[in-house]
Amino acid sequence: MSVTSDAAVTLHSRFARELPELAIGWQAEPAPAPRLLVLNDALATELGLDADWLRSPDGIGLLLGTDVPEGATPVAQAYAGHQFGGYVPRLGDGRALLLGELTDVHGRTRDLHLKGSGRTPFARGGDGLAVVGPMLREYIVSEAMHALGIPTTRSLAVVATGRDVWRETKQPGAVLARVASSHLRVGSFQYAYQYATAAKDDEVLRRLADHASSRHHPQAAEADNPYLALFEAVVSAQASLLAQWMLVGFIHGVMNTDNMTISGETIDYGPCAFMDTFDPATVFSSIDHGGRYAYGNQPAVAHWNLARFAETLLPLIAEDVDTAVDLVTAALGQFPQQFDTAWSTGMRTKLGLSARVDHTTATALVNDLLVLLQQTRTDYTSAFRDLGRVARGAQPSLPFTDEWLSRWRACYPDPDVMDRVNPVYIPRNHLVEDALTAATTGDLAPLTALMTALKTPFTERAGFEAHAAPAPEDFGPYRTFCGT
């Protein structure tokens with residue numbers, strides 16, 4: 001395993017080189033008084049970067065995008081998207097930059113991408129900046145998702161810029177450095193489809209699809225119909241991802257098509273949060289007035305987003321439009337079953353049920369439990385950890401009914417299996433807010449403690465009892481904000 005110093009950092013520009021129609025060369029804005037707030041040492045090592053050097057002025061310059069290696073080509077990426085169901089033909093990286101691609105110590109290609117680095121041609125009147133709180137929120141939640149084993153973009157660092165940024169009030173500015181398998185989105189294909197339609201030439205769209213397959217789904221290129229195979233691979237990846245979100249109570253908050261990746265990674269942690277008491281109608285985002293992206297709506301929204309992706313691939317899948325529509329409709333029709341299978345399998349594991357328990361019994365146990373949790377307003381995460389203790393012979397501390405417990409115990413649940421998938425620690429909303437408030441005033445101690453707990457979410461440890469406890473009664477109603 002080798003770790004690079006400042007002289008050896010290499011940023012490739014494959015996206016910018018292969019898809020110049022979807023990239024605008026740009027530079028990050030300088031920061032008047034940069035200060036590193038948090039650095040992900042483990043991720044730095046995985047990327048082959050020297051964490052000590054990243055703490056130096058030159059390293060911080062890389063994390064801000066103001067000091068990039070010679071030959072690097074930072075770009076703002078172009079994409080379109082449906083935002084809350086309404087189509088916007090030109091979105092793009094309004095306050096973000098793709099610095100380039102790194103090859104990590106495992107030989108994988110990873111994007112190094114900034115958020116809050118200043119206005120770009122896609123800013124649409126925005127200031128292109130970000131503030132400390134939302135950037136640390138993305139750092140916290142994305143790393144928590146990684147620790148939970150859920151595919152996600154990663155957070156490398158948050159750097160305070162020393163610049164005041166106006167939102168509702170004056171707040172300290174910051175830049176997030178994040179890492180992904182790529183930042184290709186459904187919205188990238190929507191933009192390329194527009195381009196192809198206007199030019200009456202599918203060449204750019206085809207190039208984007210080939211690029212996406214090469215980076216994320218190489219098996220698709222070997223299929224008889226490679227573009228249909230690409231679509232099928234993305235459908236499967238998103239069905240799995242959505243089930244994993246739902247199983248831990250995660251609510252993305254802004255599932256626009258420009259926030260759905262081709263890789264199947266979770267991206268863009270804006271007004272996201274984890275559900276406290278169980279309720280499918282839970283919405284935290286301050287901008288989701290109609291509840292479009294409520295917890296229980298997320299699978300249906302993903303299905304809808306994938307239909308928009310399918311539309312962009314029709315010219316590549318078959319020359320005859322009716323044939324192409326039939327093929328993608330059949331592939332899209334697999335999403336509900338794939339999601340249901342992943343969800344059901346995951347819930348069986350959360351309840352410690354073996355394969356010997358028949359489907360009807362398992363489904364009834366799951367459905368009845370969720371109704372019970374909603375009726376009693378029981379904390380979702382705590383409920384499954386409590387059941388793990390009950391499976392070991394303890395008395396329940398939460399209001400499960402004797403009738404349900406009797407049926408569940410008759411299935412001989414395995415507590416070891418349960419404890420491997422039911423987290424003790426999630427980014428509790430009240431603790432996240434405490435950490436962000438403290439960090440905004442310069443106190444990083446609550447953030448450090450929270451990240452320590454989240455690093456090993458399935459292992460209960462002494463001294464972290466407060467990080468496992470539900471929100472206090474006087475917390476809420478809770479609202480989250482996207483930070484733009």
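Visitor: What share of the accessible surface of the chain belongs to carbon and sulfur atoms?
Guide: This is a predicted model. The accessible surface of the chain comes to about 19500 Å². The part belonging to carbon and sulfur atoms is 53%.

Visitor: How many helices and strands does the chain have?
Guide: Both kinds of element occur in the chain. The count is 18 helices and 11 strands.

Visitor: Why is the chain said to be as compact as a globular protein of that length?
Guide: The globule rule gives 23 Å for 484 residues. The chain comes close to that value, so it is as compact as a globular protein of that length. Its radius of gyration is 23 Å.

Visitor: What percentage of the residues count as buried?
Guide: Buried means under 20% relative accessible area. The chain has 484 residues. The share that counts as buried is 56%.

Visitor: What share of the contacts with a separation of 6 or more comes from residues 24 or more positions apart?
Guide: Take the contacts in the chain with a separation of 6 or more. Residues 24 or more positions apart account for 71%.

Visitor: Is alanine 330 buried, partly exposed or exposed?
Guide: Alanine 330 sits in helix α10, residues 321-332. Its relative accessible area is 47%. Buried needs under 20% and exposed over 50%, so a value in between has its own class. Alanine 330 is therefore partly exposed.

Visitor: What distance separates the C-alpha atoms of alanine 330 and phenylalanine 464?
Guide: Along the chain, alanine 330 and phenylalanine 464 are 134 residues apart.

How values were computed:
Residues are numbered from 1 along each chain as its sequence is written. This is a predicted model: local features need pLDDT of at least 70, side-chain atom pairs count only at pLDDT 80 or more; totals for chains, interfaces and linings use all residues. Side-chain values use heavy atoms; hydrogens and water are left out. Helices (H or I, at least four residues) and strands (E, at least two) are DSSP runs, numbered from the N terminus. The radius of gyration is taken over C-alpha atoms; the globule rule is 2.2 Å times the number of residues to the power 0.38. Buried means under 20% relative accessible area, exposed over 50%, partly exposed in between (1.4 Å probe, protein chains only). Contact means heavy atoms within 4.5 Å. Accessible areas come from the Shrake-Rupley method with a 1.4 Å probe; for residues, only the protein chains shown count as cover.
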